[in-house]
Amino acid sequence: MSPIQLADISDVHDKSFDYVVIGAGTSGLALATRLAEDPAISVLVLEAGKYHGDEPSTRLPAMYAKNFDNPDYDWAFATTPQSHADNTTYIWHRGKGLGGSSALNFYVWNRPPAVDIDAWEKLGNPGWNWANYLKYSNKVINFIPPPDTKVTAERQTSDPAYYGTSGPITVGFPNGSTGWDVTLQDTLNKIGIKTITDGSGGQGIGTFMVTSTVDPRTNARKYSVDYVPSPQPSNLTILSLATVTRVLLSKERPGSDAIATEVEFLFDDQKKTVKASKEVLVSAGAIKSPQILELSGIGDRDILQKAGVESIVDLPAVGTNVQEHLYVGISCELNDPENFNTLDPLHDPEIAAENLQLYQKGEGLFLTGLLNLTHTPLSLVSTHADAIHGAFTEKLKAGKYLGKPGITEQLEVQLDVAKNGAETELISFPCFLSTPNPPEPGKKYISLVPAINHPFSRGTIHIASADPLASPAIDPHYLEEDVDLQTFLEQVKFARRVGTLAPLSAHVGKEINPGPDIQTDEQLTAWLKKNMNSVYHTAGSCSMLPRDKGGVVDPQLKVYGTANVRVVDLSIVPLHVAAHTQATAYTIAEQAADIIKGHFKA
Ligand SMILES: Cc1cc2nc3c(=O)[nH]c(=O)nc-3n(C[C@H](O)[C@H](O)[C@H](O)COP(=O)(O)OP(=O)(O)OC[C@H]3O[C@@H](n4cnc5c(N)ncnc54)[C@H](O)[C@@H]3O)c2cc1C
């Protein structure tokens, strides 16, 4: 892949482009590239971070968390102290630089169940359904099927109907695996959880081997920079190190839609501007997109006033309806480490150096990937599912949510999706992934990681000041709804139980986290609150919903009250999905590109 040609500030400042895209992340670069396929239009992308190209820390597989907290790669946001989780503050890692979070993520590529996407349409968004999702997500990918030996021995099965083969993002199964995933599936089969051929075909319930965005031919990560063709089209201009501060809006008369005319950004600490002759497309991710809208005067008037920002479009839903997946790691020593490949030995610099040599030959531990996911309704993992859902249903019926526009309807749809769909996830992680007790050097671990897919709590992300360089206040309201805590607890108990069941149990040794001392619900709850974390899948902060039901954007992704501002990234997801989210971020960009080009029919 030849490198992206970055623009010079003199190519951008005071110039005019048809479309100005804010953020060169997962959705942003995909969107910009598709728009620039029409040579008659000019597209500019402004990105706050750098271009990391083919740097090993970005391209290599098994680089989980390698660039965390490095400000060149990671925004490393912090939440506000969470009042329902012992006032714990959680760090939300997010990719910074060309590629955004697609350059920092954990490579998993999977689609949500069809019902999760069809729920978006049900909530008032014509055209946002499974059929279109499948069509557009197939445009994203180039699937490389595994060799037959891997299909039979490692159950790397897939249904070709669900895989595009000409998109820019190569998807395939990892070449290296731990060796326990088939045994894990056998264990789950024994307790009624079926192995399914393909976890990305919309069916979604069962245990399955999952693909990733590591190209199995080169063992290198594919990320959104790979959308940009080579040679780069001359009508696609990309400026890095350009932090957007706001969109400049004007109104022809009071009461008319606001029109975006320019985008203001900081470059080398200097304020610069660029004109947008057609539209401004905000793709800064679910944390920064609502911040940029609010800094531009679009949002809840009271919040803007407190922060010292003039209100231009009173749109109270901006930065609300925030939904985030949560995980917690359970790690155990392996009884027979010699039989398994985990990433733990890579902590030893000598072993890591040896494996880097092996990687150049397409061998070694760096190829070991995350391979197995399990999605189930809560009822498949807990006998308390009916009671847990019943309590929440009563709360809904009691009208607790009356007064919050659209929320009761949304939660009812969600309850249905959760009860019958993939409410729970169990991730089989290829090394130690848990806290607070640390791993021991020289040992190998299995981590079973439960995650909640459909949290009922709703958070907020709002500006706290007019300073564009300050982080917004991120308050996910973790565990505010008791249903989330109860669901999570049941999942943790289930994951611990799986480790004690044959045939997996033969390999699972001492539990390190939460550890044998933590047994009662009270102890587990306390451990959970301190040690759970974000899966970095934030959605909903600029939800696509009818305006009177808490919407920020309409089904064309146009921000209400504006003539030419759209949001195109994961923030538009109105109801969270049971999947890792990069596939969805890319797919939203593909559908948006067709909408903007006028090629889309609902
Ligand atoms: C650590 C981690 C692990 C993950 N693991 C997985 C996984 O294994 N599988 C999976 O499917 N998903 C995973 N995800 C989630 C997935 O990667 C994201 O949901 C998805 O990439 C989000 O895409 P986006 O376009 O909405 O935002 P992003 O890709 O985050 O893009 C936003 C872009 O906007 C830029 N930006 C922000 N503010 C400004 C500004 N003011 N001016 C200019 N530019 C700005 C950012 O720098 C960034 O480049 C993970 C995410 C993280 C962070």
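User: How do α4 and α14 cross?
Analyst: Helix α4 (residues 130-140) and helix α14 (residues 582-597) cross at roughly 100°, and their axes come within 8 Å. Axes here are lines fitted to C-alpha atoms, over the stretch in contact for helices, with angles from 0 to 180 degrees between N-to-C directions. Helices are DSSP runs (H or I, at least four residues), numbered from the N terminus. This is a predicted model: local features need pLDDT of at least 70, side-chain atom pairs count only at pLDDT 80 or more, and totals for chains, interfaces and linings use all residues. Residues are numbered from 1 along each chain as its sequence is written.

User: Which α4 residues meet α14?
Analyst: Asn132, Tyr133, Tyr136, Ser137, Lys139 and Val140 in α4 meet a set in α14 that includes Tyr586 and Glu590. Contact means C-beta atoms, placed from the backbone, within 7 Å.

User: OK, and α12 with α13, what's the angle?
Analyst: About 105°, with the axes of α12 (residues 482-498) and α13 (residues 521-531) 11 Å apart. So α12 and α13 are roughly perpendicular (65 to 115 degrees).

User: Switching topic: how many residues in the largest nonpolar core?
Analyst: 109, and Val20 and Ile22 have the most contacts inside it. Such a core is a set of buried Ala, Val, Leu, Ile, Met, Phe, Trp, Tyr and Cys residues joined through C-beta atoms within 7 Å; buried means 20 or more other C-beta atoms within 10 Å of a residue's own, again placed from the backbone. Helix α14 gives the largest share of this core, 8 residues.

User: What does Val20 touch?
Analyst: Leu44, Leu46, Val263, Val274, Ala276 and Val280, not counting residues up to four places away in sequence.

Note on methods
Helices (H or I, at least four residues) and strands (E, at least two) are DSSP runs, numbered from the N terminus. Two residues are in contact if their C-beta atoms, placed from the backbone, lie within 7 Å. Angles under 35 degrees count as roughly parallel, over 145 as roughly antiparallel, 65 to 115 as roughly perpendicular and the rest as oblique. A residue is buried if 20 or more other C-beta atoms lie within 10 Å of its own, exposed if 12 or fewer, and partly exposed in between; C-beta atoms are placed from the backbone.
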